Amino acid sequence: MHGLRRLEYRGYDSAGLAIADGGELVLRREVGKLNNLEEGLKRAPLTGNVGIGHTRWATHGRPTAFNAHPHTDCSGQIVVVHNGIIENYLDLKRELSDAGHRFESDTDTEVLAHLVESLYAGDLFAAVLAAYRRIEGTFATVFMHRDEPGKVVGLRHGAPLVAGLGSEEHFLASDVTAILDYTRQVVYLDDGEVVVVSKEGVRVFDHEGLPKVKEVHRIDWNPAAAEKAGYEHFMLKEIFEQPSSLTNTLGGRLDEREGRVFLGDLGLSEAELRSIDRIVIVACGTAYYAGLVGKYMIERLSRLPVEVDFASEFRYRDPVITDRTLAIAISQSGETADTLAALRECRRLGAKTLGIINAIGSTMSREVDGVLSLQSGPEISVASTKAYTSMVAALLLLATHLGQVREELADAVVAGLINDMKRLPGLVKQTLETADEVQALAETFALSQHFLFLGRGINFPTAMEGALKLKEISYIHAEAYAAGEMKHGPIALINEAMPVLALATRSSTYDKVISNLQEAKSRKGAARGTVIAIATEGDRAITAHVDRVIYVPGCSELVSPVINVVPLQLLAYYTARILGKDIDQPRNLAKSVTVE
Ligand code: M6R
């Protein structure tokens, strides 16, 4: 239960466990938060020393006890828990049903139990290995069999799985924080590996069943710094966590095979989504900038008009809301007073409501009709980083879903979007390799009094987010402008003391941005080397127009805000570090602003 609690950020709409108890596998599953499962266990305790557990956030099938994990086969001899998505589950379900298997849930996970049942001939490891050859998708999954009570078999394919080597006890978990209180010796599983945990220890095999020798890592973080994972600051840790936080946001929601996204927790039917005629997004700070990116995405993919408002302003402008409006509140904490107030106003005026929220069990998540949970894990640093990229990714999921439900997107377009989203965590990982170059940039400009960020189109909000990051942790005055607006006034500010950073990656507005940069460069400051570009890898031509370039990997325009913001986060971080600022807790700020 303690380990599950550490993983609750991944999902909390239902939970369950299975324990090998006196020759039987005993199952407990409850809808709602872990407390419900815990209360049940207090009333009727279980005994046993081998078990598996899971906390779920619904994708396939509503949050009910039947859909909660663990799932079982027909005989109740096999139990399984699973994170991720089994993309060919419908084919497998059909095949297994035809062979006489009876299904009790709407989940993709249950097919795993029946598939292993159909392949079982007295050896769970062999059956899991055989099943692995039949399943497609992204998953980490763990099995037990009644007749092999001292054994747990796990499989990793695209979703995290880590083994913990304890003293007289061993563990498997989807995040190391779940087991850190019990052991510091861990083995990180790689994709395609099968792991057998038993009294004898932890044994790892490749996908053909051949034994592998794995490195044992010792985790030295003390419990207080555990979440810091060895980084100097939470902010840096959270920046570097983005490949995995994005995997958590996107992972189980993309079905390449069926060509669709799963937003099981949306709480709004397809008919309701078709009946909407307008979307209003309310949010504050970084979440507001994510909302601005979302506007581009939703309008482009679903053709629904979208307004984005500072939540603090929204209520005071007598907004036009009807019962055909979908109001979306975006918030990391789910507790921001202004956003909550705006949300309540939307509800009062009859709108349907959706929360794009990170914090589990927050007030906002309990007051909306549906939640698109970010699942990016706890964000400790006051300056938001990983929650922002997850918000943008979640908005792309939503925009794709809306476009599909409203029949605005051809299948090929959806397939392309799914592919772009699948590649995103890897591209962010690549972008993080710019850290040293960005640090060098910070060293050049840390003593600047001002900073100007320019962007256009979907990356104008990226410029705003970059300026906010720099302001809030380094206290340097930074402003963001839509590059095309410069000539209408702000260009007068340009001088040698004003570094200009432009988002100039390949996009539909690339040529326009280059013209805007030429305008800036022909002004006084540019001659002194103050124009910096974030550009696409391979774009050598841009060096003719700017003085410094940070290259980021090429990607489609719709996902580019997630990539492009990464060097801006790093720039803010390194600048504040050089200036010796209190990075994780900047002056005058709080992580969660619960007052209006
Ligand atoms: O928890 P929320 O996402 O609702 O918070 C909104 C803003 O207060 C927050 O994004 C703030 O702007 C951050 N400090 C930005 O880094």
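**A loop, a helix pair and a ligand site**

Modeller: Glu-407 sits in the loop between helix 14 and helix 15 (411-431). Helices (H or I, at least four residues) and strands (E, at least two) are DSSP runs, numbered from the N terminus. The model is predicted: local features require pLDDT of at least 70 and side-chain atom pairs pLDDT 80 or more, while totals for chains, interfaces and linings use all residues. Residues are numbered from 1 along each chain as its sequence is written, and side-chain values use heavy atoms, without hydrogens or water.

Glu-407 has a positive phi, near 55°, although it is not glycine. Most residues other than glycine have a negative phi, and most peptide bonds are trans. A cis peptide bond joins His-69 to Pro-70, with omega near 0°; Pro-70 belongs to the loop between strand 3 (51-56) and strand 4 (71-72).

Helix 14 (residues 386-405) and helix 19 (residues 560-578) have axes that come within 10 Å and cross at roughly 170°. Helix 14 is therefore roughly antiparallel to helix 19. Axes are lines fitted to C-alpha atoms over the stretch in contact, with angles from 0 to 180 degrees between N-to-C directions; under 35 degrees counts as roughly parallel, over 145 as roughly antiparallel, 65 to 115 as roughly perpendicular and the rest as oblique. In contact (heavy atoms within 4.5 Å), Tyr-388, Thr-389 and Val-392 of helix 14 meet Pro-561, Val-562, Val-565 and Gln-569 of helix 19. This contact has five nonpolar, two polar and no charged residues. Ala, Val, Leu, Ile, Met, Phe, Trp, Tyr, Cys and Pro count as nonpolar, Asp, Glu, Lys and Arg as charged, and the others, Gly among them, as polar.

Now to the ligand. The ligand is surrounded by 13 residues, each with a heavy atom within 4 Å of it. By class, four of this shell are nonpolar, seven polar and two charged. Helix 10 (285-302) and helix 17 (460-474) each supply at least two shell residues, and helix 10 gives the most, with three. A polar side-chain atom of Thr-336 lies 2.5 Å from a ligand oxygen atom, and a backbone N or O atom of Ser-384 lies 2.8 Å from a ligand oxygen atom.

Note on methods:
Polar contact = N/O pair within 3.5 Å; in protein donor to acceptor, adjacent residues only side chain to side chain.
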